[in-house]
Structures are given as structure tokens and as C-alpha cells.
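User: I have a model open and would like to go through it with you. Can we take it piece by piece?
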Amino acid sequence: MSRILTLGAGNMASALLLGMKDKISSFYAFTPSVTKARELSEKMEGKLIEDLKDSPKGLDFIFLAFKPQQFEKASASFKESVNWEELESKPVIVSMLAGTPLAVLKESFSSDRIVRIMPNTPSLVGKAMILVLFGKGVSEEEKERLSEMFSQAGKYYICENEDQFDAATAVTGSGPAYIFEFARQMALYLEEKGLEKKASATLVKQLFTGSSLLMENEDQDFETLRNKVTSKKGVTYEALETFKRGDWQGMTLSALENNFQRSLELRKIALKLEK
Ligand SMILES: NC(=O)c1ccc[n+]([C@@H]2O[C@H](COP(=O)([O-])OP(=O)(O)OC[C@H]3O[C@@H](n4cnc5c(N)ncnc54)[C@H](OP(=O)(O)O)[C@@H]3O)[C@@H](O)[C@H]2O)c1
């Protein structure tokens with residue numbers, strides 16, 4: 001069981017932390033406008049921190065859950081309020097900030113006791129895929145405790161380095177957007193064929209839910225599952241051949257690579273800003 005303070009209590013922090021509630025013994029939340037921290041601390045049966053100077057001692061983990069562009073201001077005001085440099089035992093910093101590498105966190109908090117995480121929006125329904133990258137100063141015991149918390153909210157995967165973390169982010173962090181876009185396109189097709197908007201959405205949602213469960217429950221690879229729906233020269237085959245002619249696979253791979261390359265750019269910008 002852990003003692004946690006979150007700086008920021010927006011969509012992602014709420015979704016993730018509520019999922020981990022059972023593994024948190026004491027919970028504190030701070031947001032500048034107070035409202036969201038109050039809401040989350042009530043749901044978590046924790047405590048609202050109105051002034052960072054009142055942050056409790058002996059915390060295990062501090063979650064950074066504000067926007068990346070708020071990093072410098074938010075971290076500076078937190079460090080000043082709690083007299084960070086003078087703290088005898090520093091809590092582990094757990095950052096969910098996109099595009100903010102470990103090196104930037106390390107420099108800012110003068111500590112290697114840092115963790116990067118990348119949850120995704122399915123956290124909202126307890127089905128998070130959380131990517132994790134540990135800094136060198138995090139102990140085995142702390143890693144275990146965090147892993148236990150993350151598994152309460154969904155699944156987690158420990159990356160070995162920043163490149164792996166950013167590549168996996170292109171898939172699981174951004175992935176829900178690709179899925180929703182594909183869903184939108186299929187629903188649009190049904191509407192164009194005369195189905196009602198609501199019915200079109202229901203058909204597509206059930207398609208994704210059912211297919212996801214099938215992938216999860218069947219011990220078969222994606223290709224085998226695909227082939228089971230596809231008979232040579234049949235209707236599904238016709239559609240898949242159309243995708244192939246449009247180089248769907250090539251497009252997917254280059255979209256993911258462009259996502260990763262953008263992460264590299266953001267990483268460089270973050271590192272330069274910090275220096
Ligand atoms: N959405 C996603 O899919 C996703 C996925 C993975 C990671 N993330 C990361 O999660 C983080 C939060 O995203 P979000 O979508 O949850 O944002 P959000 O809903 O806009 O929430 C941001 C929170 O940060 C607080 N905040 C602002 N300035 C602060 C400061 N100086 N000190 C402490 N808290 C401060 C805000 O407080 P107020 O309520 O007072 O404004 C608000 O509660 C981002 O860094 C993002 O990169 C998001």
C-alpha cells in the first residue's frame with residue numbers, strides 16, 4: 001500500500017488513479033483551481049491539498065499529471081513549496097507527461113528516482129495499457145509496488161529504454177484514436193447505405209467489442225483469426241485485396257513510424273528547453 005500525491009487531476013489522472021484505488025493507502029490531490037482535486041480526492045476517499053506547502057511528509061510517489069507545457073511552471077512551484085532540495089528522503093516521481101523524457105525529469109528533480117508512464121484512455125473502463133520506463137534510482141521494492149498498482153488498472157509493460165517507450169506509445173498511447181477513426185469510417189459507410197446513425201454505431205461498437213474479446217480469448221495469432229473470416233474469392237477477401245492494393249500495411253507502418261519520429265522531435269525540444 002502506498003502514499004500518493006497527484007499534481008493534476010484531469011481526465012487521465014482520474015481514470016488511472018481511480019483504477020488503482022485499492023492499492024493506495026493515503027491519497028492527496030492538488031490542482032491550481034481546486035475543483036478537480038476536490039472531486040478526485042472525494043472519489044478516492046483521500047485529502048484535498050489546497051496549498052502545496054501543506055503537502056504531507058513521507059509520501060511514496062508523486063504523480064505528475066498536468067500537461068507537458070505546464071511542466072516547468074508546475075514542477076518549479078511544487079519544488080519550491082515543499083523545499084524539494086532539502087527533503088531527506090525524496091518520493092519517487094511518476095510522470096505521465098507525453099514527450100517528456102527521463103533526462104528532463106532527472107535534471108529538474110535532481111533525482112534518478114523517476115518513472116515515466118504512458119497510460120491510454122481505456123483506463124476509463126479499467127482496461128488500461130500502461131507503458132512504464134523506470135529511472136535507475138527506483139528500488140526493486142518500489143518497482144513491485146508500482147507494478148501492483150498498475151495491474152489493478154489494466155495491464156502494464158515495462159520498457160527497456162526511451163526508444164522502446166516512444167515506439168510502444170505510437171501503438172498503445174495513440175492507438176485508441178486509430179481505432180476510433182476506423183470505427184467512424186465503417187459507421188459512415190453503413191449510414192451511406194441507409195442504416196440509421198444509432199444502429200450504425202451499435203453495429204460497429206459490437207464488431208470491435210466482439211473482435212477484441214475473440215483476440216483476447218482465442219489462443220491464435222492475428223493472421224489465423226483473419227484467415228478464419230476470409231475464404232478465397234469471397235466477400236471478405238475482396239475487401240482485404242482492396243486494402244492490399246492501397247498498401248494498407250505500408251500506410252500503417254509509416255503512420256506509426258511518423259508518430260515515433262514526432263516523439264523524437266518532441267524529445268529533442270524538451271531536452272533543449274531544459275538546458
Ligand atoms: N489523454 C490521454 O490520452 C493521455 C494519455 C497518456 C498520457 N497523457 C498525459 O496525461 C497528462 C494529463 O492529461 P489530461 O488529458 O488528463 O489533461 P487535463 O484533463 O487537462 O488535466 C490537467 C490537470 O493538470 C492540472 N494542472 C495545471 N497546472 C498545474 C500545476 N501548476 N500544478 C498541478 N496541476 C496542474 C489541471 O488543474 P486544473 O483543474 O486546476 O486546471 C488539471 O487538473 C498530460 O501530460 C498528457 O500528456 C494523456
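User: Which hand does the crossing of α7 and α8 have?
Analyst: The crossing of α7 and α8 is right-handed. Keep in mind that this is a predicted model.

User: At what angle do α7 and α8 pack, and how far apart are their axes?
Analyst: The angle between helix α7 (residues 175-192) and helix α8 (residues 197-217) is about 135°, and their axes are 9 Å apart. α7 is therefore oblique to α8.

User: What about Leu207, where does it lie?
Analyst: Leu207 is a residue of helix α8. Leu207 counts as partly exposed because it has 13 C-beta neighbours inside 10 Å. Buried would take 20 or more, and exposed 12 or fewer.

User: How far is Leu207 from Pro101?
Analyst: Their C-alpha atoms are separated by 37 Å, and Leu207 and Pro101 are 106 residues apart along the chain.

User: Let's zoom out. How is the chain divided into domains?
Analyst: There are two parts to the division: domain 1 covers 2-169 and domain 2 covers 175-256. The centres of domain 1 and domain 2, taken over C-alpha atoms, are 35 Å apart.

User: And the overall dimensions, what does the C-alpha trace span?
Analyst: About 70 × 40 × 35 Å along the principal axes of the protein chain. The protein chain contains 11 helices and eight strands.

User: How much of it is buried?
Analyst: 29% of the 275 residues of the protein chain count as buried.

User: Then α10. How many of its residues are buried?
Analyst: Zero of the 11 residues of helix α10 (residues 235-245) are buried, so α10 lies largely in the open. Just after α10, Asp247 has a positive phi of about 55°.

User: Which loop holds Val34, and what is its phi?
Analyst: Val34 sits in the loop between β2 (24-30) and α2 (35-43). Its phi is positive, about 70°, although Val34 is not a glycine. With 14 C-beta neighbours inside 10 Å, Val34 is classed as partly exposed.

User: Is Asn83 buried or exposed?
Analyst: Exposed, because Asn83 has 9 other C-beta atoms within 10 Å.

User: Switching to the ligand. Which residues come nearest?
Analyst: Gly8, Gly10, Ser33, Ala74 and Ala98 come nearest, out of 28 residues around the ligand.

User: What do α1 and α3 supply to that shell?
Analyst: At least two residues each, from α1 (11-19) and from α3 (71-82).

User: How does the shell split by class?
Analyst: The shell around the ligand has 15 nonpolar residues, 10 polar and three charged.

Terms used. Residues numbered from 1 in each chain as written. Predicted model: local features only at pLDDT ≥ 70, side-chain atom pairs only at ≥ 80, totals over all residues. Helix = DSSP H or I, 4+ residues; strand = E, 2+ residues; numbered from the N terminus. Domains from an automatic or database assignment. Near = placed C-beta within 6 Å. Nonpolar A, V, L, I, M, F, W, Y, C, P; charged D, E, K, R; others polar. Axes fitted to C-alpha atoms, helices over the stretch in contact; angles between N-to-C directions. Parallel < 35°, antiparallel > 145°, perpendicular 65-115°, else oblique. Left-handed = near helix turned anticlockwise from the far one by under 90°.
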